[in-house]
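Visitor: Please show me the model, and then take me through it by question and answer.

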Amino acid sequence: MNMDSLDKSKRRKFWDTFAYATEGIVTALKQERNMRFHAISAVIVIAFGLFFSITKIEWLFILVSIGGMFSLELLNTAIERVVDLATNEYKPLAKQAKDIAAGAVFIFAIIALVMGIVIFLPYVLKLFL
Ligand SMILES: Nc1ncnc2c1ncn2[C@@H]1O[C@H](COP(=O)(O)OP(=O)(O)OP(=O)(O)O)[C@@H](O)[C@H]1O
């Protein structure tokens, strides 16, 4: 293999990674109700952000919340799949793996909710007061 084709195959591998990652996200969106819930929530939060013209720093927190939520839900889904692949019998370790992964999502969801309240509550109050 000459340098040129080596370079090309490396580049293809790089783009393949994006294609597989996109495929994973689309699969999760199609199969997981929670993923669709996050997508709808993200659209609503972005609409609120635009409506209230939130600051740059506030947008960054929203970005981290939305991105973190999607990433964690994807990892949780991946762990669920691996556990189901490993066994379809009732196993205490399978339960632990799924419940612990769900716990990670839950903790971040609470943090994202608190960030949302801290950011949007003052804007909402200003609207009414
Ligand atoms: N093989 C297993 N052995 C023991 N407990 C399991 C097993 N598979 C799932 N569970 C437990 O059953 C409950 C429901 O699991 P399930 O796989 O249906 O996930 P879920 O939380 O309903 O997520 P989703 O709705 O995304 O499928 C969880 O408490 C999980 O830990």
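The questions below go through the ligand shell, the helices and the annotated sites.

Guide: This is a predicted model, in which local features need pLDDT of at least 70 and side-chain atom pairs count only at pLDDT 80 or more, while totals for chains, interfaces and linings use all residues. Residues are numbered from 1 along each chain as its sequence is written.

Visitor: Which helix gives the largest share of the shell around the ligand?

Guide: A residue is near a molecule if its C-beta atom, placed from the backbone, lies within 6 Å of it. The residues surrounding the ligand are Glu 32, Glu 80, Thr 87, Tyr 90, Lys 91, Ala 94, Lys 95, Lys 98, Asp 99 and Ala 102. Helices are DSSP runs (H or I, at least four residues) numbered from the N terminus. Five residues of the shell, its largest share, come from residues 92-128, which form helix H4.

Visitor: How many residues of that shell are charged?

Guide: Asp, Glu, Lys and Arg count as charged, Ala, Val, Leu, Ile, Met, Phe, Trp, Tyr, Cys and Pro as nonpolar, and the others, Gly among them, as polar. Three residues of the shell are nonpolar and one is polar. The number of charged residues is six.

Visitor: Where does Glu 32 lie, and is Glu 32 buried, exposed or partly exposed?

Guide: Burial is counted from C-beta atoms placed from the backbone: 20 or more others within 10 Å make a residue buried, 12 or fewer exposed, and anything in between partly exposed. Glu 32 sits in the loop between helix H1 (3-31) and H2. With 16 other C-beta atoms within 10 Å, Glu 32 is partly exposed.

Visitor: Which residues does Lys 98 touch, not counting those up to four places away in sequence?

Guide: Lys 98 belongs to helix H4 and is partly exposed, with 16 C-beta neighbours inside 10 Å. Contact requires C-beta atoms, placed from the backbone, within 7 Å. By that rule Lys 98 touches Ile 79, Glu 80 and Val 83.

Visitor: Why do the UniProt "binding site" positions not all gather at one spot?

Guide: The unreviewed UniProt entry places this feature at Tyr 20, Glu 32, Glu 80, Lys 98 and Asp 99. Feature names are shortened, positions follow the numbering used here, and annotations may be inferred rather than shown by experiment. The positions span 80 residues in sequence and do not all gather at one spot, because the farthest two C-alpha atoms are 26.5 Å apart.

Visitor: Within what arc do the buried residues of H2 fall?

Guide: Met 35, His 38 and Val 45 are buried in H2. The arc is that of the directions from the helix axis to the C-beta atoms. Seen down the axis of H2, the buried residues line one face, because they fall within an arc of 80°.

Visitor: How far apart are the end C-alpha atoms of residues 100-125?

Guide: The unreviewed UniProt entry annotates residues 37-54, 60-79 and 100-125 as "transmembrane region". Residues 60-79 are 100% helix and 0% strand, with end C-alpha atoms 28 Å apart. Residues 100-125 are also 100% helix and 0% strand, and their end C-alpha atoms are separated by 37 Å.

Methods
Helix = DSSP H or I, 4+ residues; strand = E, 2+ residues; numbered from the N terminus. Contact = placed C-beta atoms within 7 Å.
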